[in-house]
Amino acid sequence: MQKDIIGGATTFVAMAYIIVVNPAILKAAGLPVGASTVATIVVAALGSILMGLYAKRPIAVAPYMGENAFIAFGLGALGITWQQRIGSVFVSGVVFLIITLIGLRGWLAKSISQSLKFSFAAGIGLFLAFIGLTETGIVESGTGVPVKIGNLRSPQVLLAIGGFIVMMALMRLRVRGAILIGIVLTAAAGILLGFGHAPHAFFAMPFTGDYSLAPIAFQLDLRGVLKLSFLPILLTLFLMSFLDTLGTLVGVGAAGGMLDEHGNFPEIEKPMTVDAISCCISGLLGTSTSGAYIESAVGIREGARTGVAAIVTGLLFALSLFFIPLVEPMQQLRFAYGPALIAVGALMLESIRRIDFDDLTELVPAFATIAMMVFTYNIANGLTAGLVLYPLMKLLAGRPREINGGSIVLAALCLIYYVFGLPH
């Protein structure tokens, strides 16, 4: 119980940035920040608590990064309203729920090879590490090159590096709550050095004034979405969310030793059902697609193993509803939570050892998954690339018997995504 409480709290700290970042991104789509902040928190609270109570897994739920950018910026050039964009989120959630309840989603998940599943975990680990490196400024975009080393003379960067070293040292000493302790120590050091700022206020009543949900809740435009011209949008949201959830569940499952001997996530239909319901709630309340969060791996590394951890995370999100002004300065503490993402990313690389490097038909799709996930900064791009290449490599090697029906369906869906969807 104690490990789950610490793990749940650690997961909350690692992903609390979504409270500030998600509304800031959706602002570009025309959604008011105050209402969007409340919607983000409510979805995270309800989804995480439902995950703990129903699926009994230590996996938090919140609006996805990536999908929010797709809704805010990717659809910006199409001239559609934010009500239609949110309507698309709700429709994709309903589709998720239907295919989950009839067992199709679980069947597709179990049809993926072990090497691909563990490449999901390794790829997500590197993706997490890359997010942490860029968030902290250890790595930054360059001129003439995609990325370069950051300013190592910056005090914030040095704080982040120091925080990472502290976390790993505490883990090596088997200190319980090592990552959470590292975050707190790094944040305290940064604030003492003047790199954090005091909140403008400590308390605010949710669901009133600027924090009322009225401007966005139940404002979705379903009639405008249910037409043929919206099919590429719905297909893109469907595949991105399906693959993000699948990759996250397998990735954090591998990190926490929750996969069975065949590399499958036991009773995967339950967390997927929660994911689908959360996505429907997102559309109703007026925020972006939600689902299982990769930052849950931070809490799992702290010992979280049961649904209690997800409930703790959800309750902390619910509590934060009353302290939105207090949470806002957390966005400035990237040097504190960023090292946690790097640390967990490093630990998740352990899964790469379970990829069959001696078989090119397994290695090539696994490599493509990891490379595309990290270098396109998009989990779905990596998963689609691997799923398309897997049956193709088996066919070219003259081993069609190793291809199952599920892998063919997934490859076909991914090809449709690249041809008719809106890959980004």
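## Surface and charge

The accessible surface of the protein chain comes to about 16900 Å², with 69% of that belonging to carbon and sulfur atoms (Shrake-Rupley method, 1.4 Å probe). This is a predicted model, where local features need pLDDT of at least 70 and side-chain atom pairs count only at pLDDT 80 or more, while totals for chains, interfaces and linings use all residues. Residues are numbered from 1 along each chain as its sequence is written, and side-chain values use heavy atoms, leaving out hydrogens and water.

On the charge side, there are 24 positive and 21 negative side chains, and the centres of the two sets sit 2 Å apart. Lys and Arg count as positive, Asp and Glu as negative, with His and the chain ends not counted; each charge is placed at NZ of Lys, CZ of Arg, CG of Asp or CD of Glu.

## Overall fold

The chain has 19 helices and four strands (DSSP runs: H or I of at least four residues, E of at least two, numbered from the N terminus). Its radius of gyration is 21 Å, close to the 22 Å from the globule rule for 424 residues, so the chain is as compact as a globular protein of that length (C-alpha atoms; 2.2 Å times the number of residues to the power 0.38).

Buried residues make up 58% of the 424 (under 20% relative accessible area, 1.4 Å probe, protein chains only).

## Helix 17

Helix 17 covers residues 360-375. Its buried residues include Pro 365, Ile 370 and Met 373, and helix 7 (114-136) and helix 18 (379-396) are among what covers them (contact means heavy atoms within 4.5 Å). After helix 17 comes Tyr 377, with a positive phi near 60 degrees.

Terms used. Buried < 20%, exposed > 50% of the residue type's maximum accessible area, 1.4 Å probe, protein only. Expected span 1.5 Å × (residues − 1).
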